[in-house]
Amino acid sequence: MKMAPEGAVSDEENLPSTLTPKDMRYSQDNSSVSPSLPWGRLVTCKNFLKNVDRSAFTDLIQKFSFGRGESCSVLVNNKNCPYDKVINGISKIHFEIQKSDEDQLVFITDCSKNGTYVNGKKLGYHNKKILKNKDHIAVSNSSYNIYIYLSHNVQEADEFLPVELANRFASITQLGRGSCGEVRLVKDRDTFRKYAVKKIVLTESASELVNKLNHPTKVRNEIEILSRLQHPCVIAMYDYINIERSVYLILEYMEGGELTQRIRDAPMREDVVKFYFYQMIAATQYLHSQNIIHRDLKPENILLRDRREETLLKITDFGLSKITEQSVATTMCGTMRYVAPEVISASLRDSGEYGDMVDVWSLGVILYFMTSQEVPFNGFDNQTIARQILSGKYNLTDGIWSDRDKIFVKDLVRRMLQLRPAERIRINHVFRHDWIKHDHGMKLRVRRLLKEEGLPIMAMEPPSPKRFKFTDSSSDESTLSETLSNITTENYSCSSTICCN
């Protein structure tokens with residue numbers, strides 16, 4: 001017999017919320033294991049269950065099993081269990097608890113057809129669940145609690161996830177952090193599926209703060225846009241929740257990270273560049289067909305499914321996007337290195353208006369960057385970059401651009417980076433450009449990838465998108481010098497997003 005009764009814990013009021021080194025105890029079963037910090041603790045709820053050192057809890061240092069089998073960490077039989085009906089309902093191995101080597105999360109596996117319950121809910125034979133602090137574990141029936149699980153460290157969930165989400169998800173690690181909040185990788189406790197949870201700390205609703213990315217109006221706009229989008233190359237939002245002054249978005253998780261890092265790691269072959277660019281233009285054309293302008297397209301806002309050389313990508317971060325059927329005034333918006341000239345200067349707009357061609361320009365900058373590992377417009381401050389953009393001058397002759405084989409991609413870049421929007425190639429015409437149109441092998445690889453993912457095949461020749469514009473009634477820029485004087489490094493960094501109305 002491995003467990004003997006002396007005392008039991010019947011409530012959790014006096015349980016410690018975390019496990020610390022001074023609380024460590026080791027049973028004789030673990031005497032051969034070199035002492036290490038336990039990753040959890042099971043506190044007994046029944047008098048007949050007790051550790052061999054006569055304590056009412058068991059520290060979890062290695063895989064734990066409970067049942068009638070001789071190999072179990074806790075052996076239950078007629079000698080130490082006073083209730084025959086309980087013994088009859090316990091399997092040879094009833095459940096197991098272990099820690100994942102991948103993400104260090106602790107999970108329980110139901111090995112019994114008679115039922116293992118967590119907080120009164122039956123797991124089901126061979127089903128698993130990620131445990132959280134103070135979970136109740138029962139066997140045979142939902143009310144027969146035998147253990148309370150204590151986590152070694154509950155801080156990561158308590159500091160980020162509210163209770164409503166902590167019950168559904170286990171927090172793993174931080175993916176990113178900014179002035180408005182942070183993004184963390186989480187795992188569904190029941191399905192083990194990974195998600196990215198984006199937390200946005202809302203600012204006040206005051207009108208003078210409307211340019212803040214975390215203004216309630218802007219956050220509602222992002223949620224509305226994400227809720228209406230469904231495309232294989234656009235990030236999916238599965239749910240959102242508003243808790244006090246914070247909004248949590250449950251988003252699709254992309255393990256490959258940002259496109260920026262992929263570009264910087266090593267030069268990309270032209271066929272790989274085209275493979276990714278084709279997905280970008282398909283996603284952008286879809287957005288435009290839905291009357292949505294992204295307005296902040298850049299490699300940091302394009303995520304990759306995994307680390308394969310050719311993988312699925314998705315456009316994300318719609319904090320600056322605009323639903324044009326709800327047209328409102330707009331000012332400076334985007335990230336300077338990727339922002340279109342007509343956004344900087346009203347003199348390049350038609351009657352003070354600009355529209356979907358701003359995304360075409362940004363895609364042209366991204367294509368340039370993917371091909372050469374350099375951005376066409378660069379500088380130490382926003383004013384310098386803005387002058388370069390408004391000059392319409394960039395290098396297409398030196399370095400990699402001197403390669404004769406780059407003639408078609410150079411032509412597409414040139415057409416996308418036309419200074420005036422009316423002279424710029426439209427997104428649906430990009431599909432028909434020689435660099436894209438005749439590469440059937442690339443299109444086949446994209447189709448095959450989508451099929452593997454179980455996603456719908458996007459149209460190769462999409463219909464012409466609707467033309468739309470929206471007016472900047474608040475902007476009265478009349479000269480280049482006045483425009484540049486409003487662009488200061490004090491307010492914006494060259495690589496960060498510029499807020500807008």
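Let's start with helix H4 in this predicted model: its buried residues are Pro216, Lys218, Val219, Asn221, Glu222, Ile223, Ile225 and Leu226. Here "buried" means under 20% relative accessible area. What sits over those buried residues? The cover includes strand E14 (194-201), strand E15 (237-243) and strand E16 (246-252), along with strand E18 (292-293) and strand E21 (322-323). As for the helix itself, H4 covers residues 216-228, so count along and you get 13 residues. From first C-alpha to last, H4 reaches 19 Å, close to the 18 Å expected at 1.5 Å a residue.

Now hop over to a sheet. Six strands make up an open sheet, and if you walk across it you meet them in the order E2-E1-E11-E10-E7-E8, with antiparallel pairing. Strand E2 (57-60) and strand E8 (121-122) stand at the edges; each has a single partner strand, so one side of each has no neighbour in the sheet.

Zoom in on strand E10, residues 135-139. Is E10 mostly enclosed or open? Because 4 of its 5 residues are buried, E10 is largely enclosed by the rest of the structure.

E10 pairs with strand E11 (residues 145-151) through 4 bridges, and the two run antiparallel. Among the bridge partners, Asp135 goes with Tyr149 in E11, and Ile137 goes with Tyr147 in E11. Together E10 and E11 form a hairpin with 5 residues between them. Look for Ser140 in that turn: Ser140 has a positive phi of about 70°.

E10 also pairs with strand E7 (residues 116-118), again in the antiparallel sense, over 3 bridges.

Conventions: Residues are numbered from 1 along each chain as its sequence is written. This is a predicted model: local features need pLDDT of at least 70, side-chain atom pairs count only at pLDDT 80 or more; totals for chains, interfaces and linings use all residues. Side-chain values use heavy atoms; hydrogens and water are left out. Two strands pair if DSSP finds at least two bridges between them. The expected span of a helix is 1.5 Å times one less than its number of residues. Buried means under 20% relative accessible area, exposed over 50%, partly exposed in between (1.4 Å probe, protein chains only). Contact means heavy atoms within 4.5 Å.
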